[in-house]
Amino acid sequence: MAEETGRRYAGRDPATRRAARRDQLMAAGLELFATQGYTRVSVKQVCDSAKLTQRYFYESFVDREDLLLGVYDAVVAETRHQVDRALAQSATDVVDLAQSALGAFIGHLTDDPRLARIMLLEVVGVSPRLEDRRYRVIHDFADLILAAGMTSSQIEDTSAPEFRLVAVGLVGAVNQLLVDWVLGNGSHDPDAILSVCTGLFAASFERFYDRA
């Protein structure tokens, strides 16, 4: 077989073809997990949607949960990229930082509701491995808030233990407002969510402002 002997096929080497098949499965997983729910989707459904055999599924993923983790990590990575880029272009005022970062975070997830559903709902409670990964992601975004605080011209000391508690709490607040948005239980206007979250950030950080 061309795949097994390392020959090129249709101008692509085996590694390139494997990567392309993995991308097809990831795209199918994103669509199906987000629209039908992870628990309702089988490996066969993913393969049928990707137009690949199950042999190729197990070439890239151990099982269905492994695919969900891959999709989740991809969504998180792209969301983080959007936030990092927004922060790099932001002023150092706390409100500007919050507006930029939150605008990128909320905008990215609400522009494609599938992303919000994967990141905030479908991975919850699936397994200890995914719960551990989700926990680390929450704290990674809290660390991002801490780093943004260090660049602010208004915040005097981000080393106070309370500052990290505030950062973790704010990540949780933003996530919950977006969960309500996904489920249709909260505001249907992402701009309203952004406005509320920006206000929460500004008010929460006020105690750390440099009053000099």
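On a 1 Å grid over the protein atoms alone, a cavity is a set of points where a 1.4 Å probe fits but cannot get out, and its lining residues have an atom within 4 Å of a point; grid points are joined across faces, edges and corners, and a volume is the space filled by probe spheres set on the points. The structure, a predicted model in which local features need pLDDT of at least 70 and side-chain atom pairs count only at pLDDT 80 or more, whereas totals for chains, interfaces and linings use all residues, holds one cavity of 30 Å³ or more. Residues are numbered from 1 along each chain as its sequence is written, and side-chain values use heavy atoms, with hydrogens and water left out.

The largest cavity has a volume of about 290 Å³, and of the 21 residues that line it, A101, L102, F141, I145 and F201 are the closest to its centre.

Aromatic rings form a second topic. Six aromatic pairs are present, where rings of Phe, Tyr and Trp (its six-membered ring) pair if their centres lie within 6.5 Å, and planes under 30 degrees apart count as stacked, over 60 as edge-to-face and the rest as tilted.

F57 counts as buried because its relative accessibility is 1%, while Y58, at 45%, is partly exposed.

How values were computed:
Buried < 20%, exposed > 50% of the residue type's maximum accessible area, 1.4 Å probe, protein only. 1 Å grid on protein atoms, 1.4 Å probe; cavity = no way out; pocket = protein on both sides within 12 Å on 5 of 7 lines; lining within 4 Å.
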